[in-house]
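Let's take a walk through this structure together, one stop at a time.

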Amino acid sequence: MRIRHAAAGAIVLAVALSACSSTASSPTGDGSPSVSPPAETVDLRWRTRPDNDAEAAVYKGISDKITASGIGLNLKYEAGNSEGSPYQDKLKTELGAGTAPDVFWIPGTDIADFAKAGLILNASDVSAAAGFNAADFYAGPMDQLLVDPASGVKADGFVWGVPRDVSTFALYLNLDLIDKAGVESPIELAKAGKWDWAAFEATAKAIRNEGGAGVKGFGAGGWWANWGYFVNSAGGSFFKDDRTACNLDSTESINGIEYYKGLYDAGYGVPFGEDPEPVFKAGKLGMFINGRWATPGAREITDFNWDVAPLPTGAAPGKDWQFWGAYVINAKTADPAAAWKLVAELTSIEVQNEISSLGANIPSRDSQEARDAFLTYTPPANNQAFLDGVQNDPVAEGPLWKGNWPAFDKASGDTVTALMNGKITIDKYKETICKVTAPAFK
Amino acid sequence: MSSAVTDAPASRMTPYRADDPAFGRLVRLVQAWHVALAVGAIWVLVNVSAGIWELTSVPRTAYGVLGSLLLALNVLAIFLLARRSRSGRTLSFLVSALVALGCVVLLFRSLELAEGLDVFAGAFERAFPPLMLVSVGVIWWVIARRVRTRLLPPGALITDFNVNAGAVRAANALMYAGLAIVAVGGAWWLWELRLQNALSFFWDAISADPWGILAAAGILALATWALRTIISPRSAQYFGVESAQAEALTGWLYLSPNLLGFLAFFAGPLVFSLIISFYDWDGLSQAVFIGLENYTKTLGLSVAGSVDALPAGYSELVGLPLTDSVLGASDPLFWKSIRNIFVFLVIAVPLAVGSALFLAIMIQVGYRGTKAYRTIFFIPSVAGVIGVTLIWKQMLNSTVGFVNWAIGEFNQFVNLLVPGNPLPDRVEFGWLSDPTFALFAVIIVFAWSQFGFNTVLFTAGLQGISRELYEAAELDGANAWQAFRNVTLPQLKATTFFVTATTVILALQLFDIVYALNQPNPVGSPDNATLTPVVYLYQLGFQQSAFGQASAVAWVLFIIIFFFTLAQFRRQRADAEGS
């Protein structure tokens with residue numbers, strides 16, 4: 001009995017001491033000696049969504065470095081799930097319960113919902129006091145972070161966060177299949193200014209015809225950004241200019257989606273909705289539309305040569321997506337100034353370069369220094385394709401300040417899928433697409 | 001007392017109550033404790049009703065209900081204890097246990113001990129080497145002690161055993177060395193667990209809310225005292241509690257952790273979701289009561305002569321056969337999910353149950369290698385659903401997946417046998433991307449993941465069938481099929497009922513397989529072909545922040561499952577009565 005009591009006591013003691021060690025000590029977690037923080041040190045918890053374990057380890061290291069730098073922050077880093085949805089589910093649950101971290105990352109499309117619900121802090125005052133300059137970051141994402149929720153337009157006095165990083169689409173190329181098809185490389189065509197939709201279609205067709213059994217010309221995911229690029233590139237858009245209504249039924253938008261459907265109908269692509277990544281990695285896919293986040297996975301490929309090219313140009317040049325997410329401050333944080341200091345540290349050029357070197361993202365700072373550094377993070381050799389996407393008149397993914405993005409995404413996605421699978425005609429699509437998405441703007 | 005109880009002719013006699021004035025005074029103190037709790041409950045109710053605590057609607061209701069309940073239970077406990085009623089003893093025990101639990105939760109939170117659970121694994125890893133050192137010290141000490149025992153006969157003194165005195169002293173020294181190792185390891189362990197920070201940590205936590213923590217600790221101490229008093233043997237004698245009743249209370253005490261866990265993490269959220277289903281709530285801001293609107297929005301159906309004639313907010317669900325009318329729904333996706341799940345049930349459940357029965361019979365027949373096959377069949381049941389689903393996802397890929405490749409190989413084999421090459425050498429069924437096949441892909445994965453466990457259940461059922469029945473059937477001239485039809489199947493009715501009922505319930509709750517198969521596309525795709533009710537309520541709740549309607553869908557699903565299970569029970573009971 002004494003042994004049982006002693007064991008129970010030891011476990012309780014261990015749990016209690018673990019609690020103390022987690023909060024009151026350096027969060028190195030490896031038992032290494034910690035640097036004594038200054039007397040006025042502020043304890044902060046922060047969280048981001050890493051793309052993989054290696055990235056999570058780097059974030060942890062950055063957190064420890066900031067703590068050890070003696071700037072008055074004692075940080076505890078929490079790596080979120082690498083997959084999208086569970087990260088959001090957990091964060092929303094914690095926000096509801098009042099236990100969310102002081103600083104956290106959220107996707108760009110969620111900024112409006114979080115701001116309107118009063119969950120994140122308008123950091124206008126603390127950022128101004130710290131000398132924050134919004135022009136240091138790419139305008140696409142930054143403009144969405146300076147919006148007045150009441151009017152839904154950019155206004156002074158609002159800073160909802162700072163972009164952690166940006167990303168964009170490029171075409172991941174199987175160079176061996178392109179050689180086998182006997183067509184000119186999309187990289188060279190892009191340099192010559194000849195990489196347009198017609199060239200893309202011809203290349204996809206040649207790869208499919210000459211690549212061998214089961215080889216596909218191109219592949220893309222089934223989610224909104226993939227078909228959305230062709231809508232934008234045709235000169236169309238998801239929303240009207242003021243982002244208060246659907247624009248997917250405009251002539252240009254319809255041209256884009258019709259062209260995209262035509263590629264699938266011709267059998268050039270991996271079937272719509274099928275995950276193309278395993279096909280690409282199996283060496284059976286010539287061109288694969290994906291973001292910078294796919295680079296770490298592509299770096300594991302050893303069976304064939306690969307590189308990236310810009311997306312093909314349509315009627316409207318550029319128009320690649322500018323994906324982004326932002327560090328925001330919990331509205332309930334005890335020390336907004338300290339939280340802003342952490343945000344500033346996490347979005348410094350040094351930290352952004354350290355993260356970008358892992359391959360999954362692009363610095364969100366609009367600076368030549370950051371771009372020069374990014375070009376050295378190879379493979380792929382042609383990193384310029386990503387920078388072209390980010391800089392060449394991109395379309396920043398953005399929240400709906402006067403609407404409900406998840407509802408719009410769901411309604412538009414269902415209708416596009418029905419079109420792609422032949423359940424509705426293009427005429428029916430044109431007739432219904434803005435009707436079904438209308439409730440998202442109420 | 002025991003003789004009084006045993007001599008009682010019947011259990012309905014007035015219970016014997018020991019005359020124990022000293023314990024009577026203790027009971028009055030317990031009553032005072034309940035008076036204090038009742039006053040606390042009144043204080044909560046006053047704060048809530050007078051609006052002193054600024055609460056939103058749901059927490060205000062919750063505090064109001066809890067305060068009223070606490071007041072009523074304590075007043076009742078005071079009254080029943082005064083009457084020396086056994087019910088009063090049980091009620092007092094219940095109230096004190098709940099109060100003690102509430103205090104533990106408060107202290108756990110105030111002292112941030114929950115965080116310790118999160119990092120316990122990490123701290124344990126860090127502290128593993130010193131723990132190993134402690135283990136070495138203990139083993140060392142045990143061995144040295146055994147050596148010393150062998151050197152020293154029982155009862156002998158060292159001075160009496162001059163020959164081995166040096167050896168005994170050496171063994172003693174070894175024992176002390178073992179204890180020293182334990183001490184060093186223990187100190188190291190405490191160091192690694194950051195003992196140096198513990199005191200300042202607790203001091204910080206206590207400084208943040210000293211009166212709150214002190215109050216919680218004090219109430220916990222009082223509740224513990226009240227509990228110990230009310231459950232003591234003297235209490236049992238005082239209240240005339242029979243041994244069976246005392247044991248029952250002790251049994252409930254042992255059950256209470258599980259019961260409280262059930263109430264807190266299952267029944268509580270269940271009731272909460274029922275309440276929320278009557279509110280418009282995004283999970284974050286204040287909930288707005290809207291009555292049955294979530295249910296009418298979910299279930300609303302309307303028949304009209306044409307699509308345009310449907311009420312506002314309704315969309316066409318299906319054209320009614322033999323008429324020009326259409327059936328519209330206010331939430332077509334809900335009805336799509338219901339349609340999907342019933343198609344799923346009709347195919348997946350017979351597949352999961354029928355294949356399991358077939359395999360169980362094969363195992364029962366006892367072919368060579370039966371044990372190995374039984375193990376192999378069971379593997380899907382112990383494998384992680386998400387993991388195996390991701391493997392299935394790779395296998396079902398239309399371009400590079402194994403399934404399409406295997407079909408192609410089969411076709412080529414057929415083409416070798418049949419002139420004219422009637423089948424394509426290569427197929428690209430879009431198991432995951434074509435709405436025609438997508439649900440069938442989910443069915444395959446579900447049936448595969450279920451049949452192993454079902455096989456084990458059927459195997460157990462088959463082993464329970466008496467051999468004599470088969471022998472009797474054989475004597476009556478029954479062939480194998482007739483024996484199966486007239487002996488095996490009837491004898492397996494109970495097992496079949498259980499297997500079918502559990503498989504149906506699991507099928508109706510289908511989520512994880514759909515979720516994993518759909519990644520990275522939206523869950524429920526393509527074209528909502530794999531949208532099930534649980535997937536739909538997930539979409540509503542976590543993706544569209546419509547927790548009120550998501551809760552309504554959950555309760556509609558609960559009612560469907562309830563009636564399915566009830567129907568199966570009734571059918572089984574009718575069969576049992578018929579036989």
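A:Asp393 counts as exposed, because it has 12 C-beta neighbours inside 10 Å, and the model it belongs to is a predicted one. Look for A:Asp393 in the loop between H17 and strand S13 (395-396) of chain A. Its phi is near 45°, a positive value in a residue other than glycine.

A:Lys319 also has a positive phi without being glycine, near 70°. Is A:Lys319 buried or exposed? With 25 C-beta neighbours inside 10 Å, A:Lys319 counts as buried, because the cut-off for that is 20 or more. You will find A:Lys319 in the loop between strand S10 (306-309) and strand S11 (321-329) of chain A.

Next, visit the loop of chain A between helix H16 (368-375) and helix H17 (384-391), where A:Pro379 sits. The peptide bond leading from A:Thr378 into A:Pro379 is cis, with omega near -10°. The bond from A:Pro379 to A:Pro380 is cis too, with omega near 5°.

Now turn to the interior. In soluble globular proteins, nonpolar side chains tend to be buried together. Here the largest nonpolar core has 115 residues, and A:Leu171 and A:Leu342 touch the most other members. Leaving aside residues up to four places away in sequence, the contacts of A:Leu171 include A:Pro186, A:Phe288 and A:Val308. A second, separate core holds 57 residues, among them B:Trp281 and B:Phe446.

Finish at helix H7 (residues 165-192) of chain B. Its 28 residues should span 40 Å at 1.5 Å a residue, and its end C-alpha atoms are 40 Å apart, which agrees. Buried residues of H7(B) include B:Ala171, B:Gly178 and B:Trp189.

Definitions and conventions: Residues numbered from 1 in each chain as written. Chains lettered and ligands numbered in written order. Predicted model: local features only at pLDDT ≥ 70, side-chain atom pairs only at ≥ 80, totals over all residues. Core = buried A, V, L, I, M, F, W, Y, C linked by C-beta atoms within 7 Å. Contact = placed C-beta atoms within 7 Å. Helix = DSSP H or I, 4+ residues; strand = E, 2+ residues; numbered from the N terminus. Expected span 1.5 Å × (residues − 1).
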